Amino acid sequence: MLKTSKAFSGFAVSDIPKAKQFYGETLGLAVKEDEGMLVLDLGSGAKVLAYPKPNHTPATFTILNFPVDDVESTVRALRERGVRFQVYRDGPNKTDDQGIFRGGGPTIAWFTDPSGNILSVIEAEGPY
């Protein structure tokens, strides 16, 4: 029934102008504002909706993953644009000082948007 539906995902943000600047200028995505919400055009052709939510509480999990060829060089480039990566010292996903997890799965680094939503850059092969 929904097999041919052009489904999309969405997530909440606390501040649309800050989100627009971050996703558009900092991350370099194509971003359109429509009726007080943002439409993010991803490199895969997919679209994601970012909508305002009063009293927003960020999710405790990764909401958006960006597959890249080289996590280390992507982390360096994003740091130059002001992105701060999460450094995890405890738990199963310990990262190095750059915020990169290496081992026990794909190489990955997590960071947050201005609303505290968790994003990642991930070195992964597959259908992504």
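## Basis of the description

A residue is termed buried under 20% relative accessible area, exposed over 50%, and partly exposed in between, with a 1.4 Å probe and protein chains only. By this scale Tyr88, at a relative accessible area of 28%, is partly exposed.

The structure is a predicted model, in which local features need pLDDT of at least 70 and side-chain atom pairs count only at pLDDT 80 or more, while totals for chains, interfaces and linings use all residues. Residues are numbered from 1 along each chain as its sequence is written, and side-chain values use heavy atoms, with hydrogens and water left out.

## Helix α2

Helices (H or I, at least four residues) and strands (E, at least two) are DSSP runs numbered from the N terminus. Helix α2 spans residues 71-80, and its buried residues are Val71, Thr74, Val75 and Leu78. Viewed down the axis of α2, these residues fall within an arc of 100°, so they line one face of the helix; the arc is that of the directions from the helix axis to the C-beta atoms. In general, an α-helix has 3.6 residues a turn, so residues three or four places apart point the same way.

The cover over the buried residues of α2 includes α1 (16-26), β6 (100-101), β7 (107-112) and β8 (118-123). At the start of α2, a side-chain oxygen of Asp70 comes to within 3.1 Å of the backbone nitrogen of Glu72. Gly82, which follows α2, has a positive phi, near 95°.

## Nonpolar cores

A nonpolar core is a set of buried Ala, Val, Leu, Ile, Met, Phe, Trp, Tyr and Cys residues joined through side-chain atoms within 4.5 Å. The largest has 27 residues, and those with the most contacts inside it are Tyr23, Leu27, Leu40, Phe85, Phe111 and Val121. Its largest share, 4 residues, comes from α1. A second, separate core of 5 residues includes Ile108, Trp110, Ile118 and Ile122.

## Aromatic pairs

Rings of Phe, Tyr and Trp (its six-membered ring) pair if their centres lie within 6.5 Å; planes under 30 degrees apart count as stacked, over 60 as edge-to-face and the rest as tilted. This rule gives 6 aromatic pairs. The rings of Phe22 and Phe111 have centres 6.5 Å apart and planes at 50°, so the pair is tilted. Phe22 lies in helix α1 and Phe111 in strand β7, so the pair ties together parts 89 residues apart in sequence.

The rings of Tyr88 and Trp110 have centres 5.7 Å apart and planes at 70°, so this pair is edge-to-face. Trp110 counts as buried at 10% relative accessibility. Ring pairs also link Phe11, Phe22, Tyr23, Phe85 and Phe111 into a cluster.

How values were computed: Contact means heavy atoms within 4.5 Å. A polar contact is a pair of N or O atoms within 3.5 Å; within protein, one must be able to donate a hydrogen and the other to accept it, and residues adjacent in sequence count only if both atoms are side-chain atoms.
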